[in-house]
Amino acid sequence: MSRVVVTGRIPDAAIEKLRAEHEVDAWQGPESIGREELLRRVAGADAVVSLLTERIDAELLDAAGPQLKVVANVAVGYDNIDVPACTERGIVATNTPGVLTEATADIAFGLILMATRRLGEGERLIRAGQAWKWGMFFLLGSSLQGKTLGVVGMGGIGQATARRAKAFGMDIVYQSRSEIDPAIAAELGARRVDLDELLTVSDVVSLHCPYGAATHHLIGEEQLAAMKSSTYLVNTARGPIVDEAALAAALRDGVIAGAGLDVFEHEPQVHPELLDLENVTLVPHLGSATVETRTAMAVLAADNALAVLGGERPPTPIG
C-alpha cells in the first residue's frame, strides 16, 4: 500500500477513491498548510495530490524522497509546479484540464457582463445605502451585440467563452499559438489575428492563455494603450499575465473603460489602487468554484495519482 499526501482539503469523493487502495494523509486545516508542515508531511510519500496554493519545487521533491512517483495537481494551471525538477527525478506531474472549462467560461462571461453593464457599481451603491433613482443617463453601460470579443488563448476555455459571446451577438477574433479546428472556427465565425491587431479591434479582451515566462505581463502599459478607450479587459487565467499597476493606472486615467478580474498578480493580495476604482469588478478566484467542477477536478487528480501508482499512464499528464 502506497502513501498519498494531499496538501489541502478536497472533496470526499476523491479522498474515498484514494483510500480504497492506499494510505492517505490529507491536510484538513481551515487555512492552507504551512511550508514547514508540508515538507514534514511529504517525507516518504509515494504520491502528492497538490493544490495551486502549494509550491512544488526541488526542495519539496527532495524532502519527499526518491520513492515519490507522482505529483497530481488539482488545477488546470501548473505554474506552482517545477515540472523540469519533477522530470529530472523521474516524477510524473499531472493536472486537471477539461473538467473546469464550462465553469470558468461562465465566470469569464459573468465578468464581461458585470464590467460592461456596471453591475458591481450598482450593487455597491445600493448596499451602501446611497440615494438613487432611475434616470436616462444613470449608470449607463455598454451593450455587447455587434461588438468584438478578442480571446487571448483559444483553448477549451477560450472557445467556451467565445461560444457564449457568439450567443450574445458578438464577433470573435482570437490570438493563439496555433489555428483552432476549422469546424470550430466556422461555428464561431472566429478569425485568428496577432495580439497587436486583437488589442486594437476588440471591445472586450478576455485572457485565457497559460502563464509562464512568455506571458508574464503580457498585458502591460503598452498593450493597454493600444486598446480603445471603450474597451474592457477580463482575466480568468492567471494574475501575473497582467501588470496590475499598469492596469490600475489605465483604469484610473480612462485609457480603457473597465475590467473584470478573477485572478491577481500577487494573489490573494490585490493592488491597492484597484480597490479604490469603481470601473473594475473583482472576484476571489471563483473560476472553477462549483460543487460539480471542484469534485470533478479532485477525482481526476485522484485518478491521475492512482494510475501512476498502478504503473499505468495517467489520464492527463503535463507535457
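A: This is a predicted model, and the answers below take those topics in turn.

Q: How do strand 1 and strand 2 run, and how many bridges join them?
A: Strand 1 covers residues 3–6 and strand 2 covers residues 23–26. They run parallel, with four bridges joining them.

Q: What does the chain pass through between strand 1 and strand 2, and which hand is the crossover?
A: The chain goes through helix 1, residues 12–19, on its way to strand 2. This β-α-β crossover is right-handed.

Q: Which residue in strand 2 does Val6 stand opposite?
A: Val6 faces Ala26 there.

Q: Switching to cysteines. How many disulfides does a search of the whole structure find?
A: Zero disulfides turn up.

Q: And Cys86, why does it count as buried?
A: Cys86 has 1% relative accessibility, and buried means under 20%, so Cys86 falls in that class.

Q: What about the relative accessibility of Cys209?
A: Cys209 is at 9%, so it also counts as buried under that cut-off.

Q: Now cavities. How many of 30 Å³ or more?
A: The count is one cavity of 30 Å³ or more. The largest cavity has a volume of about 40 Å³.

Q: Which residues line the largest cavity?
A: The lining is made up of Thr116, Ser142, Ser143, Leu144, Lys147, Asp203, Val204, Ser230 and Tyr232.

Q: How does that lining split by class?
A: The largest cavity is lined by three nonpolar, four polar and two charged residues.

Key. Residues numbered from 1 in each chain as written. Predicted model: local features only at pLDDT ≥ 70, side-chain atom pairs only at ≥ 80, totals over all residues. Heavy atoms only, no water. Pairing = 2+ DSSP bridges. Helix = DSSP H or I, 4+ residues; strand = E, 2+ residues; numbered from the N terminus. Right-handed = clockwise from strand over helix to strand, strands pointing away. Disulfide = S-S within 2.5 Å. Buried < 20%, exposed > 50% of the residue type's maximum accessible area, 1.4 Å probe, protein only. 1 Å grid on protein atoms, 1.4 Å probe; cavity = no way out; pocket = protein on both sides within 12 Å on 5 of 7 lines; lining within 4 Å. Points joined across faces, edges and corners; volume = space filled by probe spheres on them. Nonpolar A, V, L, I, M, F, W, Y, C, P; charged D, E, K, R; others polar.
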